[in-house]
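Below is a briefing on one structure, grouped by topic. Please read it alongside the sequence and the 3D view.

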Amino acid sequence: MYAIVIGCGRAGAEIASRLCEQGHSVVVIDRDRAAFHRLSDGFAGTTIVGHAIDEDCLVSAGIERADAVIATTYGDNSNLIAVQLARKRFKVKRAIARVKDSVRASAFERLGFETIPSTTIVGDAFEQALGWEPHLPNGDPENGS
Amino acid sequence: MFVIIAGGGKVGGQLARDLMAERHEVVVMESNPGKARALQDEIGDAVVPHDASEGRWLIDAGIGRADLLIAVTGDDEDNIVICQLGQALSEGRARTITRINNPKNSDTFRTLGIEAIVNATDLVMTMIERDVSVAPVVHLMRLRSAGLELVEMTVAEGSAADGSTPEELRLPEQGGRISVILRNGEAVLPSPTTRLHAGDSVVLVAQTEFEEALGRQFAAPTIV
């Protein structure tokens, strides 16, 4: 498959490197050339210096034939604009935005856009790792929680 | 009306003052602490020192009961998402309006159908009808569906407009209409016989096709 990863921070570099290792074609876009150092040593994909919502940049990345766009930049709003652009302007089937703000993530999910609500996911993971039962302050005293 | 303004810079601050003077209830959201404090000193509790695209703060600010959300941060992506978020969180109740800072983006957003989401046109038209001064914002807007633009022009010394009245300039026949004159920091509502002077800024509703020709009347004469 052919994926465009927008943003080459830790998360972007991680998913781009993984997809590449799995044999998919990957193009990574970042504003800062230095960011590409985060990609794995064996990364065989393409890197492009450019902005997330610059149409010319997305076209040169081959968005018109991309199977997926993955928006991972530091800015929730840039990611949300990038996936809207991918879906509506370029008819890309899968476009997923990393969104740190949980409220914003669920609002845009309701509008029909795929998001990775990273804060919620991390919160869930911590909660699960602890594995605590809910503490009910007004619970039965005999059970003494 | 209860209005939430996202962005407490020059435009947001001016809008807040205008709307408060019109006795509207206003909340301004500004995430830059310095800017927020400066505005707080002036308009007090109406300032929320947080990012409007952060869902919980937009809810806290009262998006659930807002009549209008105006996004005037310096970032187009933020403005668009703030409007979309505002519509989602108010379940479509709040009307939203924004400006596009970078003309290159306006094409992008148009292809997204953002214009339908950010319903600027009817709001701006309503405001003009009511002669509410929203000059700092509207000069940046295109009322594309109506084939109109709101433009701000400054009267150059020695231009055709310098010393003339709107009537003498025959603006209406040329597809333009002055909605407000900004003179020495005051907004003046023009009559057909109000004389323009060099240094005045005028906010014009102009038919898109005539904008250039209108602009020439306000520009300094070129030396041949």
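**Salt bridges and a helix in a predicted model**

Arg104(A) and Asp101(A) are joined through their side chains by a salt bridge, at 3.1 Å from N to O. Both Arg104(A) and Asp101(A) are buried. The model is predicted, and a search of the whole structure gives 11 salt bridges over all chains.

**Around Arg104(A)**

- Arg104(A) also meets Asp76(A) in a salt bridge between side chains, with N to O at 3.8 Å.
- That pair links distant parts of the chain, since Asp76(A) is in helix H3 of chain A and Arg104(A) is in helix H4 (residues 102–110) of chain A, 28 residues apart.
- Asp76(A) is buried, as is Arg104(A).
- A network of salt bridges links Asp76(A), Asp101(A), Arg104(A) and Glu54(B).
- Side chains of opposite charge can pair when their charged atoms come close.

**Asn77(A)**

- Asn77(A) sits in helix H3 (residues 76–89) of chain A.
- Asn77(A) counts as buried because its relative accessibility is 4%, where the cut-off is under 20%.
- Its side chain makes a polar contact of 2.6 Å with the side chain of Arg104(A).
- Neighbours within four places in sequence aside, Asn77(A) is in contact with Arg104(A), and with Ser53(B), Glu77(B), Asp78(B) and Val81(B) of chain B.

**A salt bridge in chain B**

- Arg195(B) and Glu168(B) form a salt bridge, their closest N and O atoms being 3.3 Å apart.
- This pair, too, links distant parts of the chain: Arg195(B) is in the loop between strand E9 (186–188) and strand E10 (201–207) of chain B, and Glu168(B) is in helix H9 (residues 166–169) of chain B, 27 residues apart.
- Arg195(B) is partly exposed at 40% relative accessibility, and Glu168(B) is partly exposed at 47% relative accessible area.

**Helix H2 of chain B**

- Ala36(B), Leu39(B) and Ile43(B) are buried in helix H2 (residues 33–43) of chain B.
- Viewed down the axis of H2(B), the buried residues fall within an arc of 70 degrees, so they line one face of the helix.
- The face turned away from the buried side of H2(B) carries the exposed residues Pro33(B), Arg37(B) and Asp41(B).
- Cover for the buried residues of H2(B) includes helix H1 (10–21), strand E2 (25–29) and strand E3 (47–48) of chain B.
- The N-terminal end of H2(B) is capped by Asn32(B), with a side-chain oxygen 2.9 Å from the backbone nitrogen of Gly34(B).

**Chain A overall**

- Chain A has 5 helices and 6 strands, and 44% of its 145 residues count as buried.

How values were computed
Residues are numbered from 1 along each chain as its sequence is written. Chains are lettered from A and ligands numbered from 1 in the order in which they are written. This is a predicted model: local features need pLDDT of at least 70, side-chain atom pairs count only at pLDDT 80 or more; totals for chains, interfaces and linings use all residues. Side-chain values use heavy atoms; hydrogens and water are left out. Buried means under 20% relative accessible area, exposed over 50%, partly exposed in between (1.4 Å probe, protein chains only). Helices (H or I, at least four residues) and strands (E, at least two) are DSSP runs, numbered from the N terminus. The arc is that of the directions from the helix axis to the C-beta atoms. Contact means heavy atoms within 4.5 Å. A polar contact is a pair of N or O atoms within 3.5 Å; within protein, one must be able to donate a hydrogen and the other to accept it, and residues adjacent in sequence count only if both atoms are side-chain atoms. A salt bridge is a side-chain nitrogen of Lys or Arg within 4 Å of a carboxyl oxygen of Asp or Glu.
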